[in-house]
Amino acid sequence: MGAVAERTVEVSGLKTPVLEAGPASEEAVVYVHGNPGSRLDFRDLVQRTGAFARALAPDMPGFGDADKPHPRDFKYRARTLGRHLAEVLAKLGIRRAHFVGHDFGGPFAVGAILHQPSLAASLSFINTGVLRGYKWHKWARIWRTPVLGEIFMRLLADERRFKSGFTRLPPAFVDQMWRHYDARTRRAVLALYRGTDMKDLSPVASALRALDLPSIVVWGVKDRYVPVEFADRNQEALPRATVHRIEDAGHWPFIDRPDEVAAVLLPFLKQQIGDSYRSSAA
């Protein structure tokens with residue numbers, strides 16, 4: 001497996017820490033975290049991927065150790081964060097990206113692709129995607145409600161309450177999430193959920209269908225935030241997608257069952273890197 005390094009890039013005045021492994025290349029596998037999350041969610045996958053490709057995992061603005069501007073100074077929207085992601089990759093010299101998005105990392109990756117379609121070599125989703133008909137889970141509905149969301153976030157400022165919501169995950173992973181979930185991140189989360197519209201995703205689905213990207217969807221069956229029925233629905237936007245269900249895994253299947261996720265995701269990514277190499281050499 002590839003050794004994992006840390007670096008920080010700055011785009012539009014915002015500092016973005018990045019995990020990196022693998023050989024120097026203008027093509028990379030790009031892991032994109034969601035909420036609550038950071039680049040560190042993907043340390044294992046970045047290391048495994050670094051054995052055969054350049055692999056990156058950035059912190060998105062408002063999360064992890066990235067800069068966390070106030071919502072009055074930065075729009076926490078999938079398109080805005082996607083554009084930021086595309087600019088980070090440009091700063092890192094990436095011309096072709098194999099995106100792997102988890103949770104809100106899926107919309108962030110899609111935002112980057114819509115901003116710069118030529119950047120996208122493939123698109124993979126982990127318990128996320130273009131989810132026609134999705135209804136917000138109960139915590140999201142609270143976050144989207146003014147005043148109530150702020151009250152709930154104050155409750156999450158208590159370490160015990162925060163960790164009680166993630167009892168099935170390894171304690172070290174939950175400790176890592178808690179360390180990053182400060183007041184500025186909680187503020188960013190409220191802005192992100194309130195600025196995200198799930199009513200009509202047909203324009204996004206149409207744009208992705210037109211790109212016809214190689215895709216894979218990996219889904220923890222016991223996800224209590226986004227039901228497993230939405231795994232197959234991604235094929236409406238990604239007709240070439242293959243769907244893999246991970247039994248006895250929840251919303252973070254790459255943490256619950258890391259070897260099982262790697263066993264389906266990494267061969268797909270290796271194939272895409274190989275196809276790209278053969279195409280460029282032809």
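## Exercises around helix H3

The buried residues of H3 are Gly-105, Gly-106, Phe-108, Ala-109, Val-110, Gly-111, Ala-112 and Ile-113; buried means under 20% relative accessible area, exposed over 50%, and partly exposed in between, with a 1.4 Å probe and protein chains only. This is a predicted model, where local features need pLDDT of at least 70 and side-chain atom pairs count only at pLDDT 80 or more, while totals for chains, interfaces and linings use all residues. Residues are numbered from 1 along each chain as its sequence is written, and side-chain values use heavy atoms, with hydrogens and water left out.

**Exercise 1.** Find out how much of H3 is buried and what its buried residues pack against.

*Solution.* Begin with the count: eight of the 11 residues of H3 are buried, so the helix is mostly covered. Next, look for partners in contact, that is, with heavy atoms within 4.5 Å. The buried residues pack against strands S3 (27-32), S5 and S6 (120-126), and against helices H2, H8 (183-194) and H9 (202-211). Helices (H or I, at least four residues) and strands (E, at least two) are DSSP runs, numbered from the N terminus.

**Exercise 2.** Describe how H2 and H3 pack.

*Solution.* Two packed helices are described by the angle between their axes and the distance between the axes. Axes are lines fitted to C-alpha atoms, for helices over the stretch in contact, and angles run from 0 to 180 degrees between N-to-C directions. For H2 (residues 78-91) and H3 (residues 105-115), the angle is about 70° and the axes are 7 Å apart. The two helices are therefore roughly perpendicular (under 35 degrees is roughly parallel, over 145 roughly antiparallel, 65 to 115 roughly perpendicular, the rest oblique). Now pick out the residues: H2 contributes Leu-81 and Leu-85, among others, and H3 contributes residues including Phe-108 and Ala-112.

**Exercise 3.** Is His-98 buried or exposed, and which side chains does its own side chain join by polar contacts?

*Solution.* Locate His-98 in strand S5 (residues 96-102). Because its relative accessibility is 1%, His-98 counts as buried. Then check for polar contacts (a pair of N or O atoms within 3.5 Å; within protein, one must be able to donate a hydrogen and the other to accept it, and residues adjacent in sequence count only if both atoms are side-chain atoms). The side chain of His-98 has one of 2.7 Å to the side chain of Glu-27 and one of 2.8 Å to that of Ser-122.
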